[in-house]
Amino acid sequence: MNQDLEKLIELDKIGQEISRLKDEIATLPRKVAEIEAKLNTAKSQVEAAKSAIKSQEANKRKFESDIQDWQQKISKFREQSLSVKTNEQYKALMTEIEFAEKHIGECEEKILVGMESSSALNADLQKAEAELKAENAEIEKEKAHVKAVTAEDEKKLAELSRQREGIRSGVDSAMLSHFERIATKRKGAIAEAFDQKCSACNVMLRPQKFNELLSGNGSATCDSCGRILYADPNRQANKGPSKSNEKVWYFLPGAEENSGRFALFANSKGSCSVRTFDAVTGRSLEKAVKKKLGFREAFADMFANALHLHPEHLDMHQDFDDQLPADVLEEFQLQAHISPVPTAQ
Ligand SMILES: [Zn+2]
């Protein structure tokens, strides 16, 4: 492989790492904002509980003072009853006393009910205060974490930028400007040409172009996606002797993030097949066989966004009946950037 190309591959890797770091730095403060929102909710819950307790206490004081008022009235009526002249007057006073006692009973009842609800309110307040304390601790921890990660990322960024400048200065300027034009548009400006295809977009290359790449003469770009191509003759040689027994693995991305299938395409004499496995769990999904066709023609629609997987160093002579073996699944998930845990909905 020519030296410029090797440097561009290095630049491509650095460029992707730089954009990953920049994304990370940009998303970190969002987490702090999320916890801050939770913190504000906890604060307002504490305030609400406190003000409910306050109004409960005010009510209690009011009922207590009402009771005193009624009691004073009763004493007054009793005094008056000692000096009344007629039976009617006496009866009227007794009715007033009865009326006042009824009011006192009602106030006492309300105070009791209030005491019950105030113990519930106090429990609410304690719970809200505990939450607030936890959120406060969490936000301090998260802020410290964000600060540390950001500082670390920025250090890495500076180092990568320095490396990038160093490599750039040694690359042919025409190639460099072509590379940078693609790098601004595509994630990954360089792709391996493997099996006569661009491994980034899976479009076939003209045989002449592919052979030139294999022989290491000059560079080529993919006609379809524009990426700069390179080929590794050793890898092509290891592909196996017979095309008719070809087996390849692809990742077929799903519509949702962190979803999709791993597909094993195989050609055998006179037919071809595909088996699919869930990319998150590794469980077998389905199998299809077609006669008289190669899998690239028979299942052409499945290759649209497919990503070629490289299981070369794994033992692929295993039993894949219901479930991908753990090591195979793990390697594929790494290559396809799939997390083994389903994303929360
Ligand atoms: Zn391409």
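Predicted model: local features only at pLDDT ≥ 70, side-chain atom pairs only at ≥ 80, totals over all residues.

Analyst: Start with β3 and β4. Two bridges join these strands, and they run antiparallel.

β3 and β4 belong to an open sheet of four strands, in the order β2-β1-β4-β3. The pairing in this sheet is mixed. β2 and β3 are the edge strands, and each of them pairs on one side only.

Next comes the metal site. Four cysteines coordinate the zinc ion: C198, C201, C222 and C225. Each one uses its SG atom, at 2.3 to 2.4 Å. What arrangement do the four donor atoms make around the zinc ion? The arrangement is tetrahedral, because the donor atoms subtend angles of 102 to 116°. For that label, all angles must lie between 85 and 135 degrees. Along the chain, the donors follow the spacing C-x2-C-x20-C-x2-C. Look at C198 and C222, which link distant parts of the chain. C198 is in strand β2 (residues 197-198). C222 is in the loop between β3 (220-221) and β4 (228-230). The two cysteines are 24 residues apart. Both C198 and C222 are buried.

Now move along to β5. Is this strand enclosed or open to the outside? β5 is largely enclosed by the rest of the structure, because five of its seven residues are buried. β5 has antiparallel neighbours. Seven bridges join β5 to strand β6 (residues 260-268), and the two run antiparallel. Here P253 stands opposite G260 in β6. The hairpin of β5 and β6 has six residues between the strands. In this hairpin, N258 takes a positive phi near 55°. β5 also runs antiparallel to β9, with two bridges joining them. Y250 has H308 in β9 as its bridge partner.

Which element gives the most to the lining? That is α1, with eight residues. The pocket has a volume of about 1,400 Å³. Its lining counts 30 residues, and Q16, K187, L307, Q335 and H337 lie nearest the centre. By class, 11 lining residues are nonpolar, 10 are polar and nine are charged.

Definitions and conventions: Residues numbered from 1 in each chain as written. Heavy atoms only, no water. Donors = N, O, S within 2.8 Å, 3.2 Å for Na, K, Ca; no water. Tetrahedral: all angles 85-135°; square planar, octahedral: opposite > 155°, others 65-115°. Buried < 20%, exposed > 50% of the residue type's maximum accessible area, 1.4 Å probe, protein only. 1 Å grid on protein atoms, 1.4 Å probe; cavity = no way out; pocket = protein on both sides within 12 Å on 5 of 7 lines; lining within 4 Å. Points joined across faces, edges and corners; volume = space filled by probe spheres on them. Nonpolar A, V, L, I, M, F, W, Y, C, P; charged D, E, K, R; others polar. Pairing = 2+ DSSP bridges.
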